[in-house]
Amino acid sequence: MPIEIKKVGVIGAGQMGNGIAHVCALAGYEVFLHDADSTRIGAGIATINGNMARQVSKGTVTEDARQSALGRITAANTTEDLAPCDIVIESATEREEVKRKIFTGLCAVLRPEALLASNTSSISITRLAAATDRPERFIGIHFMNPVPLMELVELVRGIATDDETFDVAKAFIASLHKTYAVAEDFPAFIVNRILLPMINEAIYTLYEGVGSVDAIDKAMRLGANHPMGPLQLADFIGLDTCLAIMQVLHEGLADSKYRPCPLLVKYVEAGWLGRKTHRGFYDYRGEKPVPTR
Ligand SMILES: NC(=O)c1ccc[n+]([C@@H]2O[C@H](COP(=O)([O-])OP(=O)(O)OC[C@H]3O[C@@H](n4cnc5c(N)ncnc54)[C@H](O)[C@@H]3O)[C@@H](O)[C@H]2O)c1
């Protein structure tokens, strides 16, 4: 019998983790939200509360639905609190050693039939699955940012992922009112294989002085009809995540065309990670974002 998903664990309460918890709770799942930094759990739940309130004011969610969804989210202060979950979706920092450690630890806590999923943007699902005792029950479920608004989810099978896990994951995604695209387990899958080299190239364009932050973003918004400029988008994704994805592409595909721009490396070294640290290619500390170059 395929596992019936009722209880969903989410590891990592950052911008993606809280979005995943948000859509799962609204879809009726009982959600357990965990983060290594316990202050992030409370902050994540507060963000979900605010984002759901915005949906209520827009009329896309009722106040009743908001109240009951919030009531379905529990703070999981330890990984042991995730023991009742039928699936755990990991959405912690984009570092392979961090994720492998999380998964190895989780296996000791979860029931053997529980599924494991990673929201990784780029890391091999096969390698992450190999850190667990259940590679056949492991799958990549890659949500897009911001999760409540974006329709697509990339679904990535590792070499060992079985058909049952694939089918359960497809039904789970449909229950969240999202659409999936299947990607093979290659570095950065489909969306980020295409998107991140473009963002990296925009940063090279800035680095080489071809244009200012404002000129580059305006050029791509109005000249290529992108809804958001690539540097604004990089800030939105998080520059640490952008760098991590470029490093996975560079190492995984062994091609110099994926070399991360030195300016991106420098920003990350400075701790300027984009919107989440209030500074990236734009400065977000004032009322309106101000381009920094
Ligand atoms: N930012 C995006 O646009 C985007 C889109 C799709 C997928 N992703 C992926 O989602 C994941 C999370 O990205 P994010 O943007 O939410 O990052 P974030 O920096 O906002 O959040 C990461 C969270 O993980 C927590 N964390 C770190 N180590 C942990 C551990 N060992 N155990 C539990 N929690 C831990 C941190 O405390 C932090 O709260 C990454 O794998 C990223 O590649 C990001």
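Predicted model: local features only at pLDDT ≥ 70, side-chain atom pairs only at ≥ 80, totals over all residues.
**Sheet and helices: a short talk**

β5 covers residues 115–118, and four bridges join β4 to β5, with the two running parallel. On to strand β6, residues 138–143: three bridges join β5 to β6, and this pair runs parallel as well.

Next, β4. How many bridges join strand β1 to β4? There are four, and these strands run parallel. β1 spans residues 7–11, and its Val 8 has Ile 87 of β4 as bridge partner.

Where do the side chains of β4 point? The strand takes in residues 87–90. Ile 87 and Ile 89 point one way, while Val 88 and Glu 90 point the other way. In a regular strand, side chains alternate between the two faces of the sheet. All four residues named for β4 are buried, Glu 90 included.

How does the chain arrange β4 and β5 around a helix? Helix α4, residues 96–107, forms a β-α-β unit together with β4 and β5, and the unit is right-handed.

Now the whole sheet. What is its strand order? Reading across, the order is β3-β2-β1-β4-β5-β6-β7-β8. That makes eight strands in an open sheet, and the pairing is mixed. At the edges are β3, residues 73–76, and β8, residues 179–183; each of them pairs on one side only. On average, neighbouring strands in this sheet are turned by 25° against each other, if direction is ignored.

Last, a pair of helices. α7 is residues 191–207 and α11 is residues 262–269. They pack with their axes 8 Å apart, at an angle of about 95°. Angles of 65 to 115 degrees count as roughly perpendicular, so α7 and α11 are roughly perpendicular to each other. Which residues make the contact? From α7 come Asn 200, Ile 203, Tyr 204, Leu 206 and Tyr 207, and from α11 come Pro 262, Leu 263 and Leu 264. Sorted by class, the contact of α7 with α11 has seven nonpolar residues, one polar and no charged ones.

That is the end of the talk.

Note on methods: Residues numbered from 1 in each chain as written. Heavy atoms only, no water. Axes fitted to C-alpha atoms, helices over the stretch in contact; angles between N-to-C directions. Parallel < 35°, antiparallel > 145°, perpendicular 65-115°, else oblique. Contact = heavy atoms within 4.5 Å. Nonpolar A, V, L, I, M, F, W, Y, C, P; charged D, E, K, R; others polar. Buried < 20%, exposed > 50% of the residue type's maximum accessible area, 1.4 Å probe, protein only. Pairing = 2+ DSSP bridges. Right-handed = clockwise from strand over helix to strand, strands pointing away.
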